[in-house]
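Please brief me on this structure. Keep it short, and group the points by topic.

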Amino acid sequence: MIVARDLHKIYGRGLSATHALKGVNLAVESGEFVAVMGRSGSGKSTLLHLLGLLDMPTSGEIYIEDTDVLKLAEEKKSKFRLERLGYVFQEYSLLGELTVLENVYLPALSSITHHADYKERATKILDIVGLGERLGHYPSEVSGGEQQRVAIARALVNEPGILFADEPTASLDVKSAGVVLELFRKLNKDLGQTIVMVTHEPEDEQYVDRVIWLKDGFGVGCQ
Amino acid sequence: MAVRAFIGDLRVALFLAFKSIVKGNRWVPILLVLVMASSFVNVIFTSSILAGVMSTMDKQLVDTVLANVVISPEEDEYYINHVNSWEDRIRQIPGIAGVSSHLNDSAFIEYQWKEKERPTDKGKSGTWQVVGIEPQQEADVTTIHSHIIEGSYLDDGDRDEIVLGVEIAGGDSAQSAPFLTLGGVKVGDKVRLTYSNGIQREYTVKGIFRAREMEQADRTAFVTRQEMVSVLGRQVFFDRASQILVRAKEGVNENSLIRQLSIIGLKGKVRSWREYSGAMHSVIFTFRIIASLIGSIGLAVAAIVMFIVIYIAVINKKHEIGILRAIGIQRGAIIGSYLTQALLYAVFGVVFGWLAVRFLLQPYFVRYPLDLPIGLVSLTVQPLTVGSSTLGLIGSAILAGFIPAWFIMKQGIIKAIWGE
């Protein structure tokens, strides 16, 4: 379960300061597939960065599975991200020097608890996302939609409790976007994967259990 | 747990470094290894040439002036007494290749003195050291006999003949200015010596030698010991010597030889040749400091080049580094991958540099040594130089790899992903 309380995020100082989040509260239950929606500049990505431990809030609290994650030291935070969170970025998040398979098994290679059979597990997950035939290809040799599916496979390789996705379909064509969203729904329904996804596409609502709306840095409701 | 975490980080660091080298720009590793190898060769070469100069000077000092061990009179004496019996006793010590006693004096040497207009004119003259030797015994101890460039070496019975060092004789082969020599004495010419006790003798120049040991050997004249004894006084000097030179057999430890010589009751100071070589060594030491500075600059340049290349690589990979951190790869593993790359470049640089020194430069200088005024100088590669250069290069590379990666790690993940 994810609980965020009174999250504030201010970028910059003085007159140039931007108040991106202005006291957001939210709770996401385990096994939920939640979309965070709102206009551009509403603070969706900022919220996801804070929940995904990629950035620090100016104030507020975040609990993930009862752990006060903001109080973790940098090294432990990194380990927490590795072992318990998965993160899918908007685009260009694969490492160009690694093959599809290597990109996916890299987090497992780094993990103490998920190191065993890392290649087999990465291969299996790539099969699940439909890229079992593309293991030896480099990111530049696969399509944008396939790259996103590789990124999803990478996010799942250490079997994290929560998967964060920051506008994962923003740079994809309609067909590829549909494949990615279907995959998320399948993971959520079949494996009970908790997913928090930022999106600005209204049609994505059909795939999720619930939508959290943000407006100008405020949480304005759920649907 | 900490060990397992470390192994995990190491595994990722090695994996990322390997992939970066294999899939990255092929010219980067080639350039860096070349820079590292050149720096290594630069440091080794400069030090080894200086070591070669020192080694040549040391060898010449041993071969032409001092041998391995020098026995000199006790502090309150001018001469060593009972030399003949001491020589016999010394020869019985195992490991001795030869013993030669020297009877030294200084003499005013004149050439073409009959052409002087007035007896007080300087003419072609000067004061040099004259050494009385047993020629055959001396040949077992020093190599003067093999450095004769004109005429021949002394024979045991010679009385009115003299062998001159080239810096006394002068001429084209001498390094000194003509006015500091006799101005070009030839074999067969006559020279006149006025010894310190006032006795004057004329000698025919039997040979001229050039040992390339300009400080002492080439400024020395040799007569037979028999002749010197007759000059200084047969009664008193028959059994005396100014010093006894002892040559050790190949591979014999000089210190153990000195210990053995010290316990036979000899009334004299027993010293290694090294104790006489201080002045030149201090000059060489100064050169070594300069060489170290040049080497340090070379290392610094190599480190800076590596720093710049890795810094550019890190800057260009900010986005990827941000992604790595976002997916939970530890900072240590990411920094470790850059350290590993730097270390690999340095190690390969050292290996290729060493191969170049060992199989190109060293054989070249053995075949074509530098013909310097002090003699033929080759590279003397010392293990200490190789060790310190290797450590210096690897240390520089580690710093050059660590600093840029550490600098980027201090940045926030989101900023890194955005490439800010």
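Predicted model: local features only at pLDDT ≥ 70, side-chain atom pairs only at ≥ 80, totals over all residues.

Residues are numbered from 1 along each chain as its sequence is written, while chains are lettered from A and ligands numbered from 1 in the order in which they are written.

**Chain A overall**

- Chain A has six helices and ten strands; these are DSSP runs, with helices (H or I) of at least four residues and strands (E) of at least two, numbered from the N terminus.
- The radius of gyration of chain A is 17 Å, close to the 17 Å from the globule rule for 223 residues, so chain A is as compact as a globular protein of that length. The radius is taken over C-alpha atoms, and the rule is 2.2 Å times the number of residues to the power 0.38.
- The C-alpha atoms of chain A fill a box of roughly 50 × 40 × 35 Å along the principal axes.

**B:Leu245 and its strand**

- B:Leu245 sits in strand β9 (residues 243–248) of chain B.
- B:Leu245 counts as buried because it has 25 C-beta neighbours inside 10 Å.
- Leaving out residues up to four places away in sequence, B:Leu245 touches residues including B:Leu66, B:Ser100 and B:Val141. Touching, or contact, means C-beta atoms within 7 Å.

**Partners of strand β2(B)**

- Strand β2 (residues 96–111) of chain B pairs with β9(B) in the antiparallel sense over six bridges. Pairing needs at least two DSSP bridges.
- B:His102 stands opposite B:Gln243 in β9(B).
- Nine bridges join β2(B) to the antiparallel strand β3 (residues 124–133) of chain B. Here B:Tyr111 stands opposite B:Lys124.
- Five bridges join β2(B) to β6 (residues 190–195) of chain B, also running antiparallel.

**The largest nonpolar core**

- The largest nonpolar core has 175 residues, and A:Val36 and B:Met36 are among those that touch the most other members. Such a core is a set of buried Ala, Val, Leu, Ile, Met, Phe, Trp, Tyr and Cys residues joined through C-beta atoms within 7 Å.
- Helix α2 (residues 27–66) of chain B gives the largest share of this core, 19 residues.
- Domain 1 (2–61 + 280–418) and domain 2 (74–267) of chain B both give residues to this core, so it lies between them. The bounds come from an automatic or database domain assignment.

Notes:
Buried ≥ 20, exposed ≤ 12 C-beta atoms within 10 Å, placed from the backbone. Contact = placed C-beta atoms within 7 Å.
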